[in-house]
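Please keep the structure open as you read.

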Amino acid sequence: DDLPEGMQLVCGGEEYGYNFYAPEEWTVSNVGEIKSAFASRVDSTSISFAEVFGEHFNKSDKTDEEYFFSDYFNDSLSGFAITPTVTISGEAFEFGTEENKADRVLKYAFNYEYKSHKFGFLQLFIKEGDRYFILTYSALLEERSDGKTYYEYHTERLTSVINNFEFITYAPAADNTEEEIKDADGYILVSDKSLCGFELFVPEGFKKDYASAIVSASHEDK
């Protein structure tokens with residue numbers, strides 16, 4: 001009921017522990033645990049927000065915080081076919097409303113070329129309490145209008161997203177585990193046919209990530 005001016009709620013409430021807002025004219029596109037919004041069908045500029053979990057950290061003898069703020073960014077870049085060009089590496093940053101800023105934030109930025117198009121990325125690595133998050137802004141490094149790239153054109157909107165983000169009381173919803181449905185071979189049903197139009201069964205060892213029109217399941221070995 002009290003949205004920031006010119007903004008819409010992408011995802012929020014006590015079950016998430018935050019309120020994530022984006023420009024009201026953008027399109028919300030949440031998929032599973034990744035909450036995001038993009039500018040338009042002809043302008044792929046996007047801002048996404050996701051929680052990352054310590055059990056996925058390849059941290060050896062480091063604490064979650066040590067690994068997240070020292071190694072996670074570089075490890076994530078190793079997945080690119082061509083190494084991105086890093087322009088900002090771990091600058092201290094402030095994130096959230098004036099009344100409730102995140103406990104600790106580091107800013108990273110890099111450029112990447114894909115199919116002859118150059119993209120700019122800005123990432124904020126965020127710690128709030130004992131939870132870890134990443135906000136990602138991405139846009140083309142090509143001229144949009146008046147000599148400004150898509151990346152430059154939307155930076156004011158990015159600033160508004162950052163300054164209006166709210167961490168609130170975290171009260172996660174009860175885990176209502178669904179009863180597994182299996183076929184004759186013991187494969188597990190992970191889709192909802194009423195939403196996607198098909199039934200997808202996966203072997204044991206896979207767990208459902210999300211099931212709407214898009215269905216995703218991941219194996220326990222990642």
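## Overall form

The model is predicted, so local features need pLDDT of at least 70 and side-chain atom pairs count only at pLDDT 80 or more, while totals for chains, interfaces and linings use all residues. Residues are numbered from 1 along each chain as its sequence is written, and side-chain values use heavy atoms, leaving out hydrogens and water.

The secondary structure comprises five helices and 16 strands, where helices (H or I, at least four residues) and strands (E, at least two) are DSSP runs numbered from the N terminus. Along the principal axes, the C-alpha atoms fill a box of roughly 60 × 45 × 45 Å. Of the 222 residues, 36% count as buried (under 20% relative accessible area; exposed is over 50%, partly exposed in between, with a 1.4 Å probe and protein chains only). Among contacts with a separation of 6 or more, 41% are between residues 24 or more positions apart; contact means heavy atoms within 4.5 Å.

| Residue | Strand | Relative accessible area |
|---|---|---|
| Tyrosine 21 | S2 (residues 18-23) | 5% |
| Threonine 136 | S9 (residues 131-140) | 15% |
| Serine 216 | S16 (residues 215-219) | 17% |

Let us take tyrosine 21 to begin with. Not counting residues up to four places away in sequence, tyrosine 21 touches Leu3, Pro4, Met7, Gln8, Leu9, Val10, Val161, Asn164 and Glu166. With glutamate 166, the tyrosine 21 side chain forms a side-chain polar contact of 3.0 Å (a pair of N or O atoms within 3.5 Å; within protein, one must be able to donate a hydrogen and the other to accept it, and residues adjacent in sequence count only if both atoms are side-chain atoms). Serine 36 lies 15 residues from tyrosine 21 in sequence and 9.5 Å from it in space, C-alpha to C-alpha.

For threonine 136, the contacts beyond four places in sequence are Ser46, Ile47, Ser48, Phe121, Leu122 and Gln123. The side chain of glutamine 123 also makes a polar contact of 3.0 Å with the threonine 136 side chain.

Serine 216, again leaving aside residues up to four places away, touches Lys207, Lys208, Asp209 and Tyr210.
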